[in-house]
Amino acid sequence: MKYQKPKGTRDIFGRELQRTEAVCSTARLFFEQNGFEEIRTPTFEFAQLFDRSIGERTDIIEHEMYKFEINKKLYALRPEGTASVLRAFIENKLSLPARFFYIWSMYRREKPQKGRYREFLQIGIEILGEDKPFYDAEIIDQGKRFLNLIGAKDFTIEINSIGCPKCRAIYKNKLRDYLEPNFSNLCSNCQRRFERNFLRIFDCKNKTCQQIYTKAPKITDNLCAECLEHYLSVKKFLNKFGIDYTENRKLVRGLDYYTRTVVEFKQQSLGAQDTILAGGRYDLLMKELGGSDAPSTGWAMGVDRLLISMPENLPKIDEKKRFFIATIGERFINEMIELRDLIQQNNFICLMGNPEDSIKHQLKKANRAKADYSIIYGEDEAKNKVCTVKNMEIGDQKKIPIKDFKTFLRNTIK
Ligand SMILES: [Zn+2]
Ligand SMILES: [Zn+2]
C-alpha cells in the first residue's frame, strides 16, 4: 500500500518552508509594528457562518467548501478569514475600533493550478469599525509596503468602488435594460447569477460575456453621492500615500459582502493566475453576522502564489551556520553539552554525534547533516584545553583554545 497526499495539497519542507516562514515572520513583525494584533480562530466553523457572509450564490459556497456533518451539525473548513475574525470579534465582545492580522491555512476545493492549492496559506489584515476613506487607503498602503519589504516586485494595484445597496438597486435596473437584448447570449452561470448576485457577472471568464460587459454601464459611474465622495476621497489619500494604482471598472470581487472600495494587487509574472492580494470594504457584514453597525475593511494575500513570483533568496532569510560536535568518548559528554549550549546561544544550529561512535563515523554523519563546521573533542583536545574546528566545506581544521571559543564564534563565523 502506497499512500499519497490528497489532490491539490502539498508537502512543504526544506528551502520552500524556510521561504514561507520568512514571509510569515516578517508579516508578524511588520503588522505588529503597524498596530495590528494577531488573532487565531478554529480551522472549522459552523458552515452557516460562511453561507451567510460569503453569500450563497458564490463559487465558494456552491462548490468549493469542505463540509462535514457530525451529530446533525454541519461544519466547514474555513475558505477565507474575514467571517471567522468577525464571528470571534462579536462572540468575545471585543471593542471597536480594532485592528487584526492573521496567518492561516484556508481550504477550497478549487481546480488545482500552479500556485493554487486546496489547502493554502493566507496572510490577512482587517480594520474593524472605521468607515472613513483614509482607512481604505491605509490598508492598501500596508499591503504595498509589506510586499516591498519582502522583496516582491512588478505588482500593480487595481481599485474600484462597487457602491452600497442604495446605488446598486438603481444601477441594477440600468444594467438590466442594457443586458435585455443580449440576455440569452450570456452563459448560463451569468444568467443564473444576475438575479441574486448580479455584480459578480463581471467576474465571468467567458469571452462572449466579457464582450457584452465591456460596453455595459458600470457601477463606478452610477454611485450615489455618498459613495462617490467616499471613492474620490480614497483616491485622494492613495495619492497622498504615493501609491500608483489603476481604476478597473470591472473589478467586483468574488464575495457578496463587499461594499464601496475593492482592491486587487496583481503580479505580472503569474500570467492568468495573477491576483496575489485582494480585499476591500465590507461595511454591512458585522451587522449581518449579529454584531454592531461596524463598517470595516481588510484584505488577504495568498502566500503560496506570492512565493512563486519571488526571488529564490528572500531578503529576510538568514542562512544559519550548522555545527556538528563529534566527541570521542562518553567521558567528554559534559564538555560536549557546554559547547553545544555556547553555539546555540550564539544563534547557530548545533547537532551532536553519538560519543560512542568512531570519529570517522561521526564526521560522516556531520556531512550528511550538511554541517558547515565540525567540532572535534577528544583526549588530545582535553589535554591541551582546545577544541578542533573543521571547516567542512574547504576541509581545513584548526585548534581553538576553549577559553577563546566564544570570541571565535562571534568574530569568525558569519
Ligand atoms: Zn451608495
Ligand atoms: Zn458568463
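Q: Let's start with K67: how exposed is K67?
A: K67 counts as partly exposed, with 38% relative accessibility. Bear in mind that this is a predicted model.

Q: What does the K67 side chain meet in a salt bridge?
A: The side chain of D51, at 4.0 Å from N to O. That pair links distant parts of the chain, since D51 is in helix α2 and K67 in strand β3 (residues 67-70), 16 residues apart.

Q: And D51, buried or exposed?
A: D51 is buried, at a relative accessible area of 17%. The cut-off for buried is under 20%.

Q: OK, which residue forms a salt bridge with R52?
A: E288 does, and the closest N and O atoms are 2.8 Å apart. Here the partners are 236 residues apart, with E288 in helix α10 and R52 in helix α2. E288 counts as partly exposed, at 37% relative accessibility.

Q: How many salt bridges does the structure hold?
A: 25. Another one joins the side chains of E45 and R87, at 2.7 Å from N to O. E45 sits in strand β2 (residues 44-46) and R87 in helix α4 (residues 82-91), so this pair ties together parts that are 42 residues apart in sequence.

Q: What's the relative accessible area of E45?
A: 8%, so E45 is buried.

Q: Switching to the metal. What coordinates the zinc ion (ligand 2)?
A: Four cysteine SG atoms, from C187, C190, C204 and C209, at 2.2 to 2.4 Å. Their spacing in sequence is C-x2-C-x13-C-x4-C.

Q: What's the geometry of that zinc site?
A: Tetrahedral, with angles of 106 to 113 degrees among the four donor atoms.

Q: Are C204 and C209 buried or exposed?
A: Both C204 and C209 are buried.

Q: Now pockets. What volume does the second largest pocket have?
A: About 560 Å³. It is lined by 24 residues, and R168, R196, D256, Y257 and Y258 lie nearest its centre.

Q: Which helices supply at least two residues each to that lining?
A: α2 (47-54), α6 (165-179), α7 (188-197) and α10 (285-288) each do.

Key:
Residues are numbered from 1 along each chain as its sequence is written. Chains are lettered from A and ligands numbered from 1 in the order in which they are written. This is a predicted model: local features need pLDDT of at least 70, side-chain atom pairs count only at pLDDT 80 or more; totals for chains, interfaces and linings use all residues. Side-chain values use heavy atoms; hydrogens and water are left out. Donors are N, O and S atoms within 2.8 Å of the metal (3.2 Å for Na, K and Ca); water is not among the atoms, so sites may look incomplete. Four donors count as tetrahedral if all angles lie between 85 and 135 degrees; four count as square planar and six as octahedral if opposite donors are over 155 degrees apart and all others between 65 and 115; anything else is irregular. Buried means under 20% relative accessible area, exposed over 50%, partly exposed in between (1.4 Å probe, protein chains only). On a 1 Å grid over the protein atoms alone, a cavity is a set of points where a 1.4 Å probe fits but cannot get out, and a pocket is an open set with protein on both sides within 12 Å along at least five of seven lines; lining residues have an atom within 4 Å of a point. Grid points are joined across faces, edges and corners, and a volume is the space filled by probe spheres set on the points. Helices (H or I, at least four residues) and strands (E, at least two) are DSSP runs, numbered from the N terminus.
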